Amino acid sequence: MIKVLLVDDHMLVRVGLIEVIETHGGMKVVADVANGEEALVAYESHRPDVVVMDFRMPGESGADTTRRLIERHPDAKVLILSVYEGEEDVGRAVQSGARGYLSKGVDTADLLDAITSLAEDRPYFPARIAQKIRKRDERGRLTEREMTTLELLVQGMSNKEISQELSISVATVKLHISNILEKMEVSDRTQAAIAAVQRGVVHLDD
């Protein structure tokens, strides 16, 4: 019997997942919780074989919770479920230590296959997700300051406004933007903003 811990801030999502998972005779949901802190406590209490974790939750994200969980329990197996499939979203999940990544719109059979794979110590990344991981790895990583600059750029701020917001010179802002364009392989600010949203670097609903 594969023991599963569900972590999602939406109760109706958890109820639906419980129904899907427990229709499989070899799986049982041992706990379902709404946030990262509850997930850490539930893991200690139930020691599940697989944790199915929502990527985006209020407060601490699923990636951050996964990182903390694996720091405490290196053998924890986490499957991330997300409405996002951008390169950066997937990359953050992998960096956190997640062993699998699926869209929330995935077929039931794929979800059950993923849980089974992780329980058997086999990572589960569908081909399209694996491709995004490779693409992200091929590009240069943005620094924390470049990431912040990009977020402000997406909001439509000018170089002067960004410099005032970050308390840096306009020349430094221009340098950051030049690095951003090179690493994202785009030619101008507009393309950088579009790519940032498409790849999950920035979410407009944040």
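**Exercise 1. Describe the largest pocket of this predicted model: its volume, its central residues and the make-up of its lining.**

Step 1. The volume of the largest pocket is about 190 Å³. A pocket is defined on a 1 Å grid over the protein atoms alone as an open set of points with protein on both sides within 12 Å along at least five of seven lines. Lining residues have an atom within 4 Å of a point. Grid points are joined across faces, edges and corners, and a volume is the space filled by probe spheres set on the points.

Step 2. The lining comprises 15 residues, of which F55, R56, S61, R92 and H203 are the closest to the centre of the pocket.

Step 3. At least two lining residues come from each of α3 (62-72), α4 and α7. Helices are DSSP runs of H or I with at least four residues, strands are runs of E with at least two, and both are numbered from the N terminus.

Step 4. Sorted by class, the lining of the largest pocket holds 6 nonpolar, 3 polar and 6 charged residues. Here Ala, Val, Leu, Ile, Met, Phe, Trp, Tyr, Cys and Pro count as nonpolar, Asp, Glu, Lys and Arg as charged, and the others, Gly among them, as polar.

As to the basis of these values, the model is predicted, local features need pLDDT of at least 70, side-chain atom pairs count only at pLDDT 80 or more, and totals for chains, interfaces and linings use all residues. Residues are numbered from 1 along each chain as its sequence is written, and side-chain values use heavy atoms, with hydrogens and water left out.

**Exercise 2. Determine how many cavities of 30 Å³ or more the structure has, and what lines the largest cavity.**

Step 1. A search of the whole structure gives 1 cavity of 30 Å³ or more. A cavity is a set of grid points where a 1.4 Å probe fits but cannot get out.

Step 2. The volume of the largest cavity is about 130 Å³.

Step 3. Its lining includes E87, E88, R136, R139, K183 and M184. Two or more lining residues are given by α4 (87-96) and by α9.

Step 4. The lining of the largest cavity has 3 nonpolar, 1 polar and 7 charged residues.

**Exercise 3. Characterise the packing of helix α7 against helix α9.**

Step 1. Helix α7 (residues 144-154) and helix α9 (residues 170-184) pack at about 95 degrees, and their axes lie 10 Å apart. Axes are lines fitted to C-alpha atoms, for helices over the stretch in contact, and angles run from 0 to 180 degrees between N-to-C directions.

Step 2. Helix α7 is therefore roughly perpendicular to α9, a term for angles of 65 to 115 degrees.

Step 3. The residues in contact (heavy atoms within 4.5 Å) include R145, L150 and L153 of α7 and I177, I180 and M184 of α9.

Step 4. The contact of α7 with α9 has 5 nonpolar, 3 polar and 3 charged residues.

**Exercise 4. Locate R47 and D121, and state the phi and accessibility of each residue.**

Step 1. R47 lies in the loop between α2 (36-46) and β3 (50-54). Its phi is positive, about 45 degrees, although R47 is not a glycine.

Step 2. R47 counts as partly exposed because its relative accessibility is 44%. Buried means under 20% relative accessible area, exposed over 50%, and partly exposed in between (1.4 Å probe, protein chains only).

Step 3. D121 lies in the loop between α5 (108-119) and α6 (127-138). Its phi is also positive, near 65 degrees, in a residue other than glycine.

Step 4. D121 has 47% relative accessibility and therefore counts as partly exposed.

Key. Angles under 35 degrees count as roughly parallel, over 145 as roughly antiparallel, 65 to 115 as roughly perpendicular and the rest as oblique.
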